Amino acid sequence: MGQGPEIWIRGPVTVPEAAPPEPALARAAARRFSWVGLHGGAGVSTLAAVYGGHDSGRAWPGSDGPPSVLLVARTHAAGLDAVLPVVDTVRRGEAPHGLGLDAVVLVADAPGRLPRPLTHRIRLIESVIDVYRVPWVNEWRLGDLTGRPPRETEPLARLVGATR
């Protein structure tokens, strides 16, 4: 007569341990973006260093850059004035073929609250496209990009899949 089912075999029965979740499953997959500055000093290089992605400077990404674009501007008047004309350019189909505009990233031009006229300009931009805000970070101004990004930028970090 042959052996019965495994439940009849003598010895301790062990329950297999659940495998711990893999970190890759716990966080969003990193998306590749091209950061495009709308004016000099917008913060493109800093954002690319902190959050990852392709630093396109002030030019549309070439064939080597990801086609998903995040426009970057400072929150001063000139920076905010530069946003909507470029958004309109993309919407009219006048940007290079294959590029997709995902959002606008506004980087604080100074610490503290914005004057009311600038806040109104930002609301206008937000009515047309998704906007992510980056507050003033003194450490970044001093060249220290090693710390954790500000808590206020968690939505941006999720968008780009940053894992720092």
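**Chatting through a predicted model**

Reader: Hi! Is Asp81 buried, partly exposed or exposed?

Author: Asp81 counts as partly exposed, because its relative accessibility is 46%. Do keep in mind that this is a predicted model.

Reader: Thanks. What does Asp81 form a salt bridge with?

Author: With Arg121, and the closest N and O atoms are 3.1 Å apart. The pair joins distant parts of the chain: Asp81 lies in helix H3 (residues 77-81) and Arg121 in helix H5 (residues 116-126), 40 residues apart.

Reader: And how accessible is Arg121?

Author: Arg121 has 31% relative accessibility, so that residue counts as partly exposed too.

Reader: How many salt bridges does the structure hold?

Author: Two. Besides Asp81 with Arg121, the side chains of Arg92 and Glu94 meet at 3.1 Å, N to O. Glu94 counts as exposed, because its relative accessibility of 52% is over 50%.

Reader: Nice. Switching to H2, which of its residues are buried?

Author: In helix H2 (residues 44-51), they are Val44, Leu47, Ala48, Val50 and Tyr51. Residues three or four places apart in an α-helix point the same way, because there are 3.6 residues a turn.

Reader: What follows H2?

Author: Gly52, with a positive phi near 85°.

Reader: Now confidence: which elements have the lowest and highest mean pLDDT?

Author: Helix H1 (residues 23-26) is lowest at 33, and strand E5 (residues 131-134) is highest at 98. The chain averages 85, with 80% of the residues scoring at least 70.

Reader: Where does pLDDT stay under 50?

Author: Over residues 5-16, with zero contacts beyond four places in sequence, and over residues 19-29, with three such contacts. Where pLDDT is low, the predicted coordinates should not be read in detail.

Note on methods
Residues are numbered from 1 along each chain as its sequence is written. Side-chain values use heavy atoms; hydrogens and water are left out. Buried means under 20% relative accessible area, exposed over 50%, partly exposed in between (1.4 Å probe, protein chains only). Helices (H or I, at least four residues) and strands (E, at least two) are DSSP runs, numbered from the N terminus. pLDDT is the predictor's confidence in each residue, from 0 to 100. Contact means heavy atoms within 4.5 Å. A salt bridge is a side-chain nitrogen of Lys or Arg within 4 Å of a carboxyl oxygen of Asp or Glu.
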